[in-house]
Amino acid sequence: MKFLTDEKLVIVGAAGMIGSNMAQTAAMMHLTPDICLFDTYAPGLEGVVEEMRHCGFSGINFTATSDVREAFTGASYIVSSGGAARKAGMTREDLLRGNSEIAEQLGKDIKAYCPDVKHVVVVFNPADITGLVTLIYSGLKPSQVSTLAALDSTRLRSELAKYFHIPADEIVNSRTYGGHGEQMAVFASTTTVAGKPLSQIIGTEALPLHEWEAMKQRVIQGGKNIIDLRGRSSFQSPAYLSIEMIAAAMGGQPFTWPVGTYVNDGTYNHIMMAMETTVDKNGVCVKPVKGTDEERKSLDQSYHHLCHLRDEVISLGIIPPISDWGRINPNLR
């Protein structure tokens, strides 16, 4: 059996629905024979690892532990969904304090037990902030920590494919940037539909402006819609996309959907948010975001919303003032 790597992959929050789906997806994609499942909820974790073994995967050694030192020691790659899940009536931002505290501990555990980890993907919400907190306390380079923002762009592709009744692959370069939340910036200028620029279709009989505005809201509320339909937050799509991200970091096919990444470029500063990115064996590479003036204004608004959340986490004492970040993580100086 050929694997992408033989290095240790740790799935954090493996007893949950996202985590258990990540474990199965990683095994099905033959990423590594060394998959460690970690969760503080021991009975659920035991059930997941039993299920993985019952699948009969060839060549994979599943281990499971509720001891963070045991789980993280020797880890080269980590994917974490280990936060509280979003419930009906909640926004991602409602999870801010509790999940930021979980992210703080995640970062500290990485620094303590696996400082040489190669890449970390943070999934739990609000992912832009939990990813930032993890980065600060882990001591890792910005290119080594990414968050799941691609889900918004794939939701845009899905909405367009459904509306035009065409295969999803005929929707190319659908993009959302900024926050992974209700303040995300949904772009049209990047996208083509069956080879035709989406911006030339919007406002025509094929896609009236009011239909486009309604579609953008469906994308923004995509997570809420899943909760309404299934009675629980998304788990299959975030699990799959996050494992695609870690596979790219392992040296697999580059991941070209936008991911959440640390930005400090003079326009957007000291923040984690979705940008135009590629993830590969070298980590996250950030590229310029191109769009119309109106789209850039939307992205600016999303950035300022994230800054407000970041500053709230600072006021809670979970992370220090920006001027002190470099003391904790020299890579952020």
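Me: Is phenylalanine 72 buried or exposed?
Reply: In this predicted model, phenylalanine 72 has a relative accessibility of 1%, so it counts as buried, the cut-off for buried being under 20%.

Me: And what about phenylalanine 38, buried or exposed?
Reply: Phenylalanine 38 counts as buried too, because its relative accessibility is 9%.

Me: How many aromatic pairs are there in the whole structure?
Reply: A search of the whole structure turns up 5 aromatic pairs. In one of them, the ring centres of phenylalanine 38 and phenylalanine 72 are 6.0 Å apart with the planes at 65°, so this pair is edge-to-face.

Me: What is the geometry of the pair of tyrosine 268 and tyrosine 303?
Reply: That pair is edge-to-face as well, at 5.0 Å from centre to centre and with 65° between the planes. Tyrosine 268 lies in the loop between strand 12 and strand 13, whereas tyrosine 303 lies in helix 11, and both tyrosine 268 and tyrosine 303 are buried.

Me: Switching topic, which residues lie nearest the centre of the second largest pocket?
Reply: They are Val186, Glu213, Lys216, Glu294 and Ser298, out of 21 lining residues, and the pocket has a volume of about 390 Å³.

Me: Which helix gives the largest share of that lining?
Reply: Helix 8 does, with 6 residues, while the lining as a whole divides into 8 nonpolar, 8 polar and 5 charged residues.

Key. Residues numbered from 1 in each chain as written. Predicted model: local features only at pLDDT ≥ 70, side-chain atom pairs only at ≥ 80, totals over all residues. Heavy atoms only, no water. 1 Å grid on protein atoms, 1.4 Å probe; cavity = no way out; pocket = protein on both sides within 12 Å on 5 of 7 lines; lining within 4 Å. Points joined across faces, edges and corners; volume = space filled by probe spheres on them. Helix = DSSP H or I, 4+ residues; strand = E, 2+ residues; numbered from the N terminus. Nonpolar A, V, L, I, M, F, W, Y, C, P; charged D, E, K, R; others polar. Phe/Tyr/Trp six-rings, centres within 6.5 Å; stacked < 30°, edge-to-face > 60°. Buried < 20%, exposed > 50% of the residue type's maximum accessible area, 1.4 Å probe, protein only.
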